[in-house]
Amino acid sequence: MIKITNVRTTVVGIPRIERLTTSYGSTDLAITVVVEVMTDAGLTGIGQTAVAPRSYGETAEGIAVNIQKHLAPAVVGESPLDIERLNRKLQAALPHHWSSHAGVEFALWDLKGKVLGTPIYQLLGGRVREGLDLMGYVNHDKPERMAEEAQETLQRDKFSVLKMKIGLDPKQDVARYRAVAEAVGDRAVIQVDGNTGYTIAQAIPALSAMEAIGRLGAIEQPVARLTDLAEIARRLATPVMADEAIYPPQDAVEVVLRKAASLALMKITKHGGILNVQKIAAVFEGAGLGLSMAIYYDVIALAAAHLAAALPCVRWPSPYTYLHDTILAEPFVPDGLFLCPPNRPGFGIDLDPEKVQKYALQQSHVYRRL
């Protein structure tokens, strides 16, 4: 039977095409940790995990060390096909470090697909749709510039939803929202993402003002506390989307019980990987609620497309993140207003080793059992 022999981790950083500004700060660089899980059969599974220490709590350096010191020893010598059992071993080796877990877990799914000769969406139950619906994104800027960008985006692509950031300054956020809503008209609705930047006292009046302006399609996690998120869901008519409120599947149960949201954004790596997202989806589908699948880029985007193709409750679109380059052997980019997973085994695309080394922020590390 196939066995895992080595685990390689590489911290990479690729420049963004547009600067990302949220309540957590601003950045021009997309930093991730790439994971390669190698086997005695000559097959290598690829994984990748997002890095956002101010929201997820794990730095790139910490993730790389966690994998090499704690998680790689838990999987080397094991069969990559037993994902549920290995997931439990990862949790026992280093509890609650979901981003670290996801880097390894992604690679296990890629290996299983390659061993069985089938795409990951087939391992998840098969297609219910072609792929992932996309929304547009309006970058944080002055109100007039955001209005211009919204106009330009909808002239280029007929998105049904545009996303913009809030959670920085309530008064200015409302002004920016008004400018975008007036530019959009009846062509699309707007998803506002607060990244927990508001207090409940700030959130209710600001969001109520946006709702009164019109075209508000979804409110994504404007406050940190679950109790406050439930209060917003109770007082406003617009659907509330949970993000930072959900990490492992148990959190999804709490969101449903408290009626804190009717949608949730799956940032796959902060949940620990594909298996946990599948479990969260079962909770939300059972409650009659919907999911959105955060796309990001490279291997994470591939995972999002495979999950969206297979999970019935993924009903809300998500924006694609464009970078200046890719670490994949071939770019994985949208086809019109959709992001469709490849039909090849595993994720369906390989890494470009030269690009991985080009964008490496530190030397790669390899764990192998002596």
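1. Glu84 is partly exposed, at 32% relative accessibility. The class of partly exposed lies between buried, under 20% relative accessible area, and exposed, over 50% (1.4 Å probe, protein chains only). Lys279 falls in the partly exposed class too, with a relative accessible area of 32%.

2. A note on the basis of these values. This is a predicted model, in which local features need pLDDT of at least 70 and side-chain atom pairs count only at pLDDT 80 or more, while totals for chains, interfaces and linings use all residues. Residues are numbered from 1 along each chain as its sequence is written, and side-chain values use heavy atoms, with hydrogens and water left out.

3. What do the side chains of Lys279 and Glu84 form? They meet in a salt bridge, at 3.2 Å from N to O. Lys279 lies in helix α11 (residues 274–286) and Glu84 in helix α3, so the pair ties together parts that are 195 residues apart in sequence. A salt bridge here is a side-chain nitrogen of Lys or Arg within 4 Å of a carboxyl oxygen of Asp or Glu. Helices (H or I, at least four residues) and strands (E, at least two) are DSSP runs, numbered from the N terminus.

4. By the salt-bridge rule the count comes to 23. One of them joins Glu254 and Arg258, at 3.5 Å from N to O. Glu254 has 35% relative accessibility and counts as partly exposed; Arg258, at 42%, is also partly exposed.

5. Glu330 and Arg344 form another salt bridge, with their closest N and O atoms 3.6 Å apart. Glu330 is in the loop between β12 (318–319) and β13 (338–339), and Arg344 is in the loop between β13 and α13 (353–358), so the pair ties together parts that are 14 residues apart in sequence. Glu330 is partly exposed at 40% relative accessibility, as is Arg344 at 39%. Elsewhere, salt bridges with shared partners link Glu78, Asp82, Arg85 and Lys89 into one network.

6. Which residues of helix α3 (residues 83–93) are buried? They are Ile83, Leu86, Asn87 and Leu90. These four cover an arc of only 110° around the axis, which puts them on the same side of α3. The arc is that of the directions from the helix axis to the C-beta atoms. An α-helix has 3.6 residues a turn, so residues three or four places apart point the same way. Arg88 and Ala92 are exposed on the other side of α3.

7. The structure holds zero disulfides, a disulfide being a pair of cysteine sulfur atoms within 2.5 Å. The sulfur of Cys313 has its closest cysteine sulfur in Cys340, 18 Å away, which is too far for a bond. Cys313 counts as buried at 1% relative accessibility, whereas Cys340 is partly exposed, with a relative accessible area of 30%.

8. There are three aromatic pairs. Rings of Phe, Tyr and Trp (its six-membered ring) pair if their centres lie within 6.5 Å; planes under 30 degrees apart count as stacked, over 60 as edge-to-face and the rest as tilted. The ring centres of Tyr296 and Tyr297 are 5.8 Å apart and their planes are at 70°, so the pair is edge-to-face. Both tyrosines, Tyr296 and Tyr297, are buried.
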